[in-house]
Amino acid sequence: VVIHVSGNKDTAGRILKSNQGLAKIFGYSKSEVNGHTINILMPSLFAKRHNEFLDKFFKTGHKSVFNTERNFFGLHRNGCCFHMKMLIKQMPNLSEGIQYVGMICQIHNAVSYTHLRAHETSLHLVCRLLLEKK
């Protein structure tokens, strides 16, 4: 899956475009996600942290997440979470200014989001480790 996301402060995190692989991994068509924030593709705990990450990024300019393959959790349209690998590149775009291109590969099959919520403390720990490891 390839997803292009706005990197401009006023539209940060908005999905600009994506490829057809999005439907297979996330269960959404391109038209359903384009224009929405990338958080639509994340479990709520990660989405909240992502907003905090964006705020911190715009304040500090710290770019530790770019150009390194990382493990994350994605959220399928049906509510199931899955483990994925992602590589994010920063790219200039004439019409959008700065954009980020995320290349995503699913690692494991999806599991029930309800099941993961029962283990939210563990999920929170994983989230903190992933985002604060920098």
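User: How do you know how many disulfides there are?
Analyst: Keep in mind that this is a predicted model. A disulfide needs two cysteine sulfurs within 2.5 Å, and by that rule the count is zero. Take Cys80: the nearest cysteine sulfur belongs to Cys81 and sits 7.6 Å away, so Cys80 is in no disulfide.

User: What about Cys81, what rules out a bond there?
Analyst: Its closest cysteine sulfur is the one in Cys80, and 7.6 Å is too far for a bond.

User: Why are Cys80 and Cys81 called buried?
Analyst: The cut-off is under 20% relative accessible area. Cys80 comes in at 19%, so it counts as buried. Cys81 has 1%, so it is buried too.

User: What makes Ser18 buried?
Analyst: Ser18 has 11% relative accessibility, and because that is under 20%, it gets the label. Ser18 lies in strand E2, residues 15–18. Beyond its sequence neighbours within four places, it contacts Val2, Ile3, Lys30, Val33 and Asn34.

User: What is in the largest nonpolar core?
Analyst: It has 24 residues, and those with the most contacts inside it include Ile3, Ile38 and Met84. Strands E1, E4 and E5 and helices H1 and H3 each supply at least two of its residues. E4 gives the largest share, four residues. In soluble globular proteins, nonpolar side chains tend to be buried together.

User: Which residues does Ile38 touch?
Analyst: Not counting residues up to four places away in sequence, Ile38 touches Ile3, Val5, Gly13, Ile15 and His50.

Methods:
Residues are numbered from 1 along each chain as its sequence is written. This is a predicted model: local features need pLDDT of at least 70, side-chain atom pairs count only at pLDDT 80 or more; totals for chains, interfaces and linings use all residues. Side-chain values use heavy atoms; hydrogens and water are left out. Buried means under 20% relative accessible area, exposed over 50%, partly exposed in between (1.4 Å probe, protein chains only). Contact means heavy atoms within 4.5 Å. A nonpolar core is a set of buried Ala, Val, Leu, Ile, Met, Phe, Trp, Tyr and Cys residues joined through side-chain atoms within 4.5 Å.
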